[in-house]
Amino acid sequence: MSRVTKAWALLIVLSAASTAFAASGLGGAALVLPVLLLAGLKAHVILRDYLGLAVAPAWLRGFDLGLAFLMLTFAGLALAA
Amino acid sequence: MSDAPRSLPASSQTVPTREEETKSHDEHPPGQLPGELLMWVLILSEIAVFGAGLLAFLSVRLTDPQGFAEAQAHLHRTGAAANTIVLVTSGWLAALATRAAEAGQTRRLRLLLVPAILLGAVFLVLKGSEYADLFAQGIGTETHAFYTFSFLLTGFHAAHVLAGMVLLAVVGWLGTPKAVETGAAFWHMVDLVWVLLFPVVYLL
């Protein structure tokens with residue numbers, strides 16, 4: 001199985017996990033944190049394997065850092081509501 | 001559809017051939033950004049624009065969390081979740097098409113891009129059915145701040161999907177590795193934005 005196909009399978013699993021959390025009836029931090037973590041992981045996989053940043057680890061770390069900051073801000077705002 | 005390289009018009013003799021582009025791509029220096037720098041500038045810009053939009057959405061939600069929750073209940077969550085699968089699968093096909101282009105497999109890359117484009121159309125149909133349902137309920141952009149943001153963010157994203165479908169068709173017709181890589185990068189950016197947008201607008 002190629003790297004891209006493994007990435008696709010992982011994205012499907014992560015998407016199914018997001019849907020399972022949303023359908024679980026959980027609320028508050030128990031919903032917000034895992035759903036945003038899964039979104040961040042999906043973004044990381046797309047950047048690494050679909051967009052090819054696996055060959056540029058420093059750039060991948062930079063994007064990951066920016067996305068982590070964005071996700072944490074999303075989480076803070078979502079939990080403050 | 002032939003795998004033979006297309007001959008270039010006289011005015012385009014400075015454009016690199018497929019073999020030259022493939023060689024160039026294979027020799028990509030490790031550690032540097034793959035593909036076109038301008039495409040990465042676009043990707044960063046789009047993440048910044050949608051990120052700012054989502055931050056504004058979540059900030060305004062602080063003023064009326066109950067109203068946002070009630071408005072969110074009218075969206076098609078199942079359709080949006082299905083659209084995530086649709087887009088990541090389309091992105092997978094586009095990524096495979098990039099590899100096929102690098103291998104000089106023009107017929108294969110086109111056979112991969114056609115379903116990738118069709119999945120983009122599936123995304124728009126599902127999105128369109130959600131909009132039609134909302135409009136049928138009398139819901140519009142001015143009904144509530146939630147809808148102002150959700151229509152703006154998802155509509156702008158849908159416009160990118162449409163543009164990406166056209167771009168994939170064009171690069172599929174061109175068939176060069178550099179063109180396909182650039183078109184696929186745009187498509188992955190559309191995919192990336194959706195995985196950030198979907199949980200914020202539909203799930204939280």
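Predicted model: local features only at pLDDT ≥ 70, side-chain atom pairs only at ≥ 80, totals over all residues.
## Chain A: overall build

Chain A contains 3 helices and 0 strands. Read in sequence order, its elements give the pattern α-α-α. The chain has 81 residues, of which 44% count as buried. Its contacts can also be sorted by how far apart the partners lie in the sequence: among those between residues at least 6 apart, 63% join residues at least 24 apart.

## Chain A: stretches annotated in UniProt

An unreviewed entry lists residues 1–22 of chain A as "signal peptide". In the model, this stretch is 91% helix and 0% strand, and its end C-alpha atoms are 30 Å apart.

The annotation "transmembrane region", also from an unreviewed UniProt entry, covers residues 63–80 of chain A. That span is 100% helix and 0% strand in the model, with 26 Å between its end C-alpha atoms.

## Chain A: the packing of H1 and H2

Two packed helices are described by the angle between their axes and the distance between the axes. In chain A, helix H1 (residues 3–23) and helix H2 (residues 29–50) have axes that come within 10 Å and cross at roughly 165 degrees. Because angles over 145 degrees count as roughly antiparallel, H1(A) is roughly antiparallel to H2(A). The crossing of H1(A) with H2(A) is left-handed.

On the H1(A) side, the residues include Val4(A), Trp8(A), Leu11(A), Leu14(A) and Phe21(A). On the H2(A) side, they include Leu31(A), Pro34(A), Leu38(A), Val45(A) and Tyr50(A). By residue class, the contact divides into 18 nonpolar, 2 polar and 4 charged residues. Arg3(A) of H1(A) and Lys42(A), Arg48(A) and Asp49(A) of H2(A) also take part.

## Chain B: overall build

Chain B has 7 helices and 0 strands. From the N terminus on, the elements run α-α-α-α-α-α-α. Buried residues make up 50% of its 204 residues. Of the contacts in chain B with a separation of 6 or more, 79% are between residues 24 or more positions apart.

## Chain B: the packing of H2 and H6

Helix H2 (residues 37–61) of chain B packs against H6(B) at an angle of about 165 degrees, and the two axes are 9 Å apart. This angle makes H2(B) roughly antiparallel to H6(B). The two helices cross in a left-handed manner.

H2(B) contributes Glu46(B), Val49(B), Phe50(B), Gly53(B), Leu54(B), Ala56(B), Phe57(B) and Val60(B) to the contact. From H6(B) come Ala145(B), Phe146(B), Phe149(B), Leu153(B), Phe156(B), His157(B) and His160(B). These residues divide into 11 nonpolar, 3 polar and 1 charged.

## Chain B: Thr154 in helix H6

Thr154(B) is located in helix H6 (residues 145–174) of chain B. Since buried means under 20% relative accessible area, Thr154(B) counts as buried at 3% relative accessibility. When neighbours within four places in sequence are left aside, its contacts are with Lys127(B), Tyr131(B), Leu197(B) and Tyr202(B).

Terms used. Residues numbered from 1 in each chain as written. Chains lettered and ligands numbered in written order. Heavy atoms only, no water. Axes fitted to C-alpha atoms, helices over the stretch in contact; angles between N-to-C directions. Helix = DSSP H or I, 4+ residues; strand = E, 2+ residues; numbered from the N terminus. Parallel < 35°, antiparallel > 145°, perpendicular 65-115°, else oblique. Left-handed = near helix turned anticlockwise from the far one by under 90°. Contact = heavy atoms within 4.5 Å. Nonpolar A, V, L, I, M, F, W, Y, C, P; charged D, E, K, R; others polar. UniProt positions renumbered as here; feature names shortened; annotations may be inferred. Buried < 20%, exposed > 50% of the residue type's maximum accessible area, 1.4 Å probe, protein only.
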